[in-house]
Every structure is written in structure tokens, then in C-alpha cells.
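Please open the structure in your viewer and keep the sequence panel at hand. We will start with the whole chain and then stop at a few residues.

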Amino acid sequence: CSPSASKRKAASMPEPRPRLSPPVRPEFETPLAAEDVFGAVERPLSAWERITNITAVRRAAILIALALAWEIYARFANNPLMFPTFTETIAALWDASVNGPLLDRIWTSIRVLLIGYAAGLALAAVFTSLAVSTRIGTDLLSTLTAMFNPLPAIALLPLALLWFGLGTPSLVFVIIHSVLWAVALNTHTGFLAVPETQRMAGQNYGLKGVRYVALILIPAAFPSILAGLKIGWAFAWRTLIAAELVFGVSARSGGLGWFIFENRNMLETAAVFAGLTAVIIIGLTVEGVVFRAIEARTVRRWGMQR
């Protein structure tokens, strides 16, 4: 090309942009704040903090506060026939346990409850296994749960009386109904929520059948299973007490619900409150001892629950 063309091409090209250097910021030093502004980073806990960190202590404080509120209100109402004080209830509870039939009634209720609860868990395991294994089992469990789970167990009392008569079989029947659907539904929901990664890991290890369910599905779904066990226990316990209030004579003696019913007929209100207190104590014991021990050795130890 000609020199004139080279000059025109050079003139048409944009001039190179100057290279910018980063701005220079002045150095400065921030003085450290005093330690008393933020507090100590690490310090030993005080005695009060160590005590309040214990779950049992906090729950005991709540129970003590409720007992004080009960005592204050009952003394203010001043009507022992309608609302006895906490001290009168505890005295009636002690008297019925030492001199009365309360302990025998409690054992009768717990024995029937354990039979029905175990049978309900066994049937829930069968239905859940069918639902996990086959499509027709899933449809069967979904249909039966939608049909019978909303049905109150206490509504089956007339049928239980007709089919099994007055006694333990009728109580076991209504307990099974209250346990079965809650446990089966929670267990099946937990199985469905197991991540696909864990399922494929179990299949890669060659796990099939019972070993696949026991080693992969049950540990992964155990939070839901444990929730179902708790719900089933609560449903079974309150269903049993309600059933015993209606036809609670089992064999030669009634259960805890029948103890409450008898004292209500005799206008022994303190003894009625004592029976209700026994129901609450048993519920707190099972929840705080049995289920919390299972949680500590399973889901908390596995890091699946805080």
C-alpha cells in the first residue's frame, strides 16, 4: 500500500487508552476496642447458666410454676367439690396409691395398652412393608388411611362391644385402631422422603429386600418413624382412658379410666384429679424417659436432629 494510505489508516485508528494505575489509599490503623465493650470471648459458665442449660431442670421449673398457679387459683376459688387444691390432689393421689386400688388400676391399664400398642405396631409394619414393596400395597395403605385415620377410635366402641364383648379384647381393638393408621402413615411418609442418593447407595452395595429396608430405609426415615411412634402412643393412651370411662371393667378390675369414673360418681373430686394426675405423670414419664432415650441413641447420635 502507498504511504498516503498508511497515514490515513493510522489516522483512522483510535488512539490507545492510557493505562490507569490503581488508586493509592492511605494506610491507617484502627485501635482495638477495650475488652469490656464486647465481653470475654471465652469464659467459664456460672452456676446459674449451668443449671438452666439442663433440660430436666427447665421442665421441672415449668411444672412447679403450673402447680403454684393451680394451688393459688384453687385457694382463691375455695370450692373443693369443683376444683380441689394441688395439695389435696397430691394427698388423694398418695392415699389412693398406698391404701387404695390406684396402682392395680394403673397396671391394668398399662398391660392392656402394651398389648394393643404392640399389635398396632405389628400391623403397621405389615401395611408399610406392603406399601414399600408393591404398587397395590401403596394404594391399599393410602385408601385405608384416608378412610379410617379420621375415624375416632371412641366411635368404634359400640361395634367393639358387639363383636368382642365387655373386656380386654374390646379395649385392645380400639387401641389398635388408634395406633395403626398414625404409625403406618408416618412410616410410609418417611420412607418416601428418603433421598434417592441413599437408595442408590444401598442398591450399589447389593442390598435387597429386608436388608435394604433395615439398613437403608429405616435409619433414613427414623425421625418420621419416631414421630409416628409418639403420636401412636398418645392416641393409644387417651383412647384407652376414654374407653375405660365408658366400659372400663376388664376381667375382675377396671383400669385407670374406671378409677376416675368411680370417684366421679362418688363426688370424690380430689380422687378424680388424682387419677388425671396419674395419667399425666405416666405420659410425662414415657415421653421424658423412653422416647428421649430412643432419640438420644438414634437420631441425635446420627446428627439427624438438633
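How many helices and strands are there in the protein chain? Switch to a cartoon view of this predicted model, and you can look for 14 helices and two strands.

Next, show the surface. The protein chain exposes about 20400 Å², and carbon and sulfur atoms supply 66% of that area. Of the 306 residues in the chain, 33% are buried. Contacts also reach across the sequence: among those with a separation of 6 or more, 67% join residues 24 or more positions apart.

Now select helix 6, which covers residues 102-133, and pick out leucine 130 within it. Then draw a distance from the C-alpha of leucine 130 to the C-alpha of leucine 140; the two residues are ten apart in sequence and 8.7 Å apart in space.

For the last stop, move on to helix 7, residues 135-148, and select threonine 145 there. Threonine 145 has a relative accessible area of 7%, so it falls under the 20% cut-off and is buried. Which residues does threonine 145 touch, not counting those up to four places away in sequence? Display Pro150, Trp181 and Leu185, and you will have those partners on screen.

Terms used
Residues numbered from 1 in each chain as written. Predicted model: local features only at pLDDT ≥ 70, side-chain atom pairs only at ≥ 80, totals over all residues. Heavy atoms only, no water. Helix = DSSP H or I, 4+ residues; strand = E, 2+ residues; numbered from the N terminus. Buried < 20%, exposed > 50% of the residue type's maximum accessible area, 1.4 Å probe, protein only. Contact = heavy atoms within 4.5 Å. Areas by Shrake-Rupley, 256 points an atom, 1.4 Å probe, with all protein chains shown as cover.
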